[in-house]
Structure formats: C-alpha cells, structure tokens
Amino acid sequence: MSIDMDGPDPLYVQIADILETRIAAGAIGRRLPSVRAISEDFGVAHATAAHAVQELARRGVVKTTPGRGTFVLRPAGGPDDGDG
C-alpha cells in the first residue's frame, strides 16, 4: 500500500489507515514502529507521521507511553473482548 500525495484524504489519515490495516493483518506486532521509521517508510515529514500515530491513538488502536513507545492495543489474533 502506498499513499496518494494528491488524494482527497490528508496524508496522516492515509498513513493511519495503512498502519491500521497492517496491524489487523498481523504485519505489526505489539509495538508500533517509531515516528522516525514511519516518516522514512512513507517519505513524509516527522510531523505528518506523528499526526498519523495520534490519529491511531484517537481511534483506540494504539496507546503511546512516554519514554517507552507506542503499543498496539488490539493485536491481530489477540483475545476478543466480546462474549463470543
């Protein structure tokens, strides 16, 4: 998946969508890559990558712990919180 620099959605939303898809597919484990790694991977500014991580946190997909990193809250294949 790649981002569309001229697409209708903001870049940070596109990146958040791609990362969320990767998490659901199991391509990202318990810990999200660093903002620096995300910015390099997608070829965007550090601020854009940081905004994408903030968007994932807003969606409840990840949680950032200062000094430790950003962690996936619901990894692929993890236990379901529902009653079945």
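Predicted model: local features only at pLDDT ≥ 70, side-chain atom pairs only at ≥ 80, totals over all residues.
Ile3 sits in the segment that comes before α1, which covers residues 11-25. Is Ile3 buried or exposed? Its relative accessibility is 15%, and buried means under 20%, so Ile3 counts as buried.

What does Ile3 touch, once neighbours within four places in sequence are left aside? The contacts are Leu11, Gln14, Ile15, Ile18, Phe42 and Val44. Take Ile15 from that list: 12 residues separate Ile3 and Ile15 in sequence, while their C-alpha atoms are 6.9 Å apart in space.

Now the helix itself. α1 is made of 15 residues and spans 21 Å from first C-alpha to last, close to the 21 Å expected at 1.5 Å a residue. Its buried residues are Val13, Gln14, Ile15, Ala16, Ile18, Leu19 and Ile23. After the helix comes Gly26, with a positive phi near 85 degrees.

In soluble globular proteins, nonpolar side chains tend to be buried together. Here the largest nonpolar core holds 18 residues, and Ile15, Leu32, Ile38 and Phe42 have the most contacts inside it. Two or more residues of this core come from each of α1, α2 and α3. α1 gives the largest share, 5 residues.

Back to Ile15, to finish. Not counting residues up to four places away in sequence, Ile15 touches Ile3, Ile38, Phe42, Val44, Thr48 and Ala52.

Definitions and conventions:
Residues numbered from 1 in each chain as written. Heavy atoms only, no water. Helix = DSSP H or I, 4+ residues; strand = E, 2+ residues; numbered from the N terminus. Buried < 20%, exposed > 50% of the residue type's maximum accessible area, 1.4 Å probe, protein only. Contact = heavy atoms within 4.5 Å. Expected span 1.5 Å × (residues − 1). Core = buried A, V, L, I, M, F, W, Y, C linked by side-chain atoms within 4.5 Å.
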